Amino acid sequence: MEKLRPIELVAELFLGAALGNQEMMATGAMGYSIETEAVHEYWNNAYGWKNSEQSNWSPNYEPTICSVMRDRDMGAWTWFSGEPIHIYGIQWLPAWTHMNYFGAHAEHSIFQLNQMLEKQGKDQGKMTWEKIDGDWGQVTAAYAAFCQPDEICKVLDEAIEKKWGISTPKHAGIPYYLAHASRAYGLIDKEAYTDLPTSVVFKKPDGKRTALVYNLSNNPRSVTVYVRGEEVLKGNLPAKMLMAVPLR
């Protein structure tokens, strides 16, 4: 089994919101929620990497990632390559904002990033950002933007200055945007949410939260923001409005 890409479910969610089709929007939201948890639990073992009792993987399975899961087995390989950068990287495609769920388990995401770089370096030591190729390097840099944005912003600045492979106009745009957006707003906040499906709450290392709320409908609507189940903010969002709302 190859996983259904969350971007397809986000598209269904937003299309439903734009059309005012509540059933379509709810289906997309449900699918995105289930699929992103499957990415954490089945493909990356984000819950069981430190505590085997929370793992769904066999204790005999040695890799730190699962790239193919079938009824008879699971494995760390792809149909086109056995290179670590492809085995891990195929889970990080396509790179865009829908992948911000990796920030919900930032510590584990950093672990997986380092696992790939170490394995890809083989007997030459850990793969460096200077040596990584542009195509899969930009995929890796975009993934890193969701777990260590400060670091990857510095990497991209150096890459552009020194003209590394990931710095070309063909490769640098998406990871550069994602890294700076993550640095500006923070990572996914697992303790906060709103009652508007087309929204998300981010949290910076200093504890500051920002709710990004997007009303695609033709009418204003009420939006409530919750932190740890408690209401912290309520207001009206105008029609067709995208807004960044700082939270206390």
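Colleague: With which side chain does the side chain of R209 make a polar contact?

Modeller: In this predicted model, the side chain of R209 makes a polar contact with the side chain of E191, at 3.3 Å. The cut-off for such a pair of N or O atoms is within 3.5 Å, so the distance qualifies.

Colleague: Where is R209 found, and why is R209 called buried?

Modeller: R209 belongs to strand 6, residues 209–215. Its relative accessibility is 9%, and buried means under 20%, so R209 counts as buried. Beyond its neighbours within four places in sequence, R209 is in contact with several residues, among them D189, E191, F202, R228 and L247.

Colleague: Why does D133 count as partly exposed?

Modeller: The relative accessibility of D133 is 37%. Buried requires under 20% and exposed requires over 50%; the value lies in between, and D133 is therefore partly exposed. D133 sits in the loop between helix 4 (106–121) and helix 5 (134–144).

Colleague: What makes D133 a cap of helix 5?

Modeller: A side-chain oxygen of D133 lies 2.9 Å from the backbone nitrogen of D135, at the N-terminal end of helix 5. The side chain of D133 also reaches the backbone nitrogen of W136, at 3.0 Å. Leaving aside neighbours within four places in sequence, D133 is in contact with I85, Q138 and I166.

Colleague: What makes helix 5 mostly covered?

Modeller: Ten of the eleven residues of helix 5 are buried, including G134, W136, Q138 and Y143. The cover over these buried residues includes helix 3 (84–89), helix 4, helix 6 (149–162) and helix 7 (169–185).

Colleague: How many aromatic pairs are there?

Modeller: The count comes to twelve aromatic pairs. W77 and W79 form an edge-to-face pair, with 4.8 Å centre to centre and 85° between the planes.

Colleague: Why are W77 and W79 classed as they are, by relative accessible area?

Modeller: W77 has a relative accessible area of 27%, between the limits of 20% and 50%, and is therefore partly exposed. W79 has 58%, which is over 50%, so W79 is exposed.

Colleague: Why is the pair of W92 and Y143 called stacked?

Modeller: The ring centres are 3.9 Å apart and the planes stand at 5°, which is under 30 degrees, so the pair is stacked. This pair links distant parts of the chain: W92 is in the loop between helix 3 and helix 4, Y143 is in helix 5, and they are 51 residues apart. Both W92 and Y143 are buried. They belong to one aromatic cluster, together with Y32, Y88, Y101 and F102.

How values were computed: Residues numbered from 1 in each chain as written. Predicted model: local features only at pLDDT ≥ 70, side-chain atom pairs only at ≥ 80, totals over all residues. Heavy atoms only, no water. Helix = DSSP H or I, 4+ residues; strand = E, 2+ residues; numbered from the N terminus. Buried < 20%, exposed > 50% of the residue type's maximum accessible area, 1.4 Å probe, protein only. Contact = heavy atoms within 4.5 Å. Polar contact = N/O pair within 3.5 Å; in protein donor to acceptor, adjacent residues only side chain to side chain. Phe/Tyr/Trp six-rings, centres within 6.5 Å; stacked < 30°, edge-to-face > 60°.
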